[in-house]
Amino acid sequence: MYVITYKCLPPCAARFTRADEYAATMRSRPDVLVLGGGGVLGEAWIMGVLAGVEDGAGIDLRECEAFVGTSAGAIVSAHLAAGNSPRRPSSLSTEVSVVGALGRPGAPGAVAGLATVAAGAARRAGSTAVAASAAFAPLALGFAAPGGALVRGLMLRGVRHPEDTLAALRQAVAASGAQFDGRLRVSAVDRQSGRRVMFGGPGAPPAEVAEAVEASCAVPWLFAPVQIGGRDYVDGGVWSPTNLDAAPVGRDTHVLCLNPTASLAASHPLLTMMRTVARSAASVEGLALRGRGARVRTIAPNAECAAAMGANFMATEPRTRVLSAAYRQGLRIATAD
């Protein structure tokens, strides 16, 4: 076994277990899509890459056998599982307010619901958000370590309850008609125990897709926890940026993982650490899947996309540029020799 890293993507962005996997990967539909967290701009990047891959390779990603979503990736996973195509750059000119989008399946209402409250929540959190991010980021590397859940639970219970909610996001996802039909899995973390829950997966508590997605996006220092079945849940990214290891795989299962934060602009030591965590956690989780016989490809934003995204993934203004750059990246991935 040996590893190839392609120059069209950042280091660690695309790695394969055999030399021929790159050529074969995008000529057929992956069996499982794993979509990681990354805020408003992470959602735009995921949508754009998937749209470019579809158009470049002539495949329909709505037909994947399974979807695993974390935070922003949970929004997109639910979008696809509901039978909606990834958003293209041309669709941005028809975007409407979140109120108008809520009743239209396939409309960009879900991310609009996130964007509506994200900027204000981040501004109100201020230095608290930075401090909390710094504290939680390294935990993603220790997700499997004994006692890791206990430490995570203690820290989560110590975080002040924000007042902002993602009720508009829940409404938008509910309007899409997404259901847990055996294909969709959404990550969240139990605030009390610190343990990960994959809603929609075997043994998970009963939940509606809309409330599970809201929980998966509830960054604990920005948004209020989401109560499901009498327990509080927060962002699945507190456990892992992608939760790649939760993908249902067997021998020769083809897994495509999109990891928005793996190319986070590193203008601050905290951002450097978070980028390292995003890459390292996905690498460790990918090895676990490969050990079960799966073929795994992980993609991160290329240089153009990373520059468009910058360091504030909750910003709304760059969404048009990010979606367009991501679409171009997806086309290049699909058509590479």
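## Helix H12 and its buried side

In this predicted model, ten places along helix H12 deserve a look: Arg319, Val322, Leu323, Ala325, Ala326, Tyr327, Gln329, Gly330, Ile333 and Ala334 are its buried residues (buried means under 20% relative accessible area, exposed over 50% and partly exposed in between, with a 1.4 Å probe and protein chains only). An α-helix has 3.6 residues a turn, so residues three or four places apart point the same way.

The length of H12 fits too. Its 17 residues, 319-335, should span 24 Å at 1.5 Å a residue, and the end C-alpha atoms do lie 24 Å apart. The expected span is 1.5 Å times one less than the number of residues; helices (H or I, at least four residues) and strands (E, at least two) are DSSP runs numbered from the N terminus.

## One aromatic pair

Which geometry do Phe199 and Tyr233 adopt? The structure holds one aromatic pair, and it is edge-to-face, because the ring centres of Phe199 and Tyr233 are 5.1 Å apart with planes at 75°. Rings of Phe, Tyr and Trp (its six-membered ring) pair if their centres lie within 6.5 Å; planes under 30 degrees apart are stacked, over 60 edge-to-face, and the rest tilted.

The partners sit 34 residues apart, Phe199 in strand E4 (residues 196-199) and Tyr233 in strand E6 (residues 231-235). Phe199 is buried at 0% relative accessibility, and Tyr233 is buried at 2%.

## Cysteines

There are zero disulfides (pairs of cysteine sulfur atoms within 2.5 Å). Cys217 is buried at 1% relative accessible area, as is Cys257 at 0%.

## Notes on the model

Residues are numbered from 1 along each chain as its sequence is written, and side-chain values use heavy atoms, leaving out hydrogens and water. Because the model is predicted, local features need pLDDT of at least 70 and side-chain atom pairs count only at pLDDT 80 or more, while totals for chains, interfaces and linings use all residues.
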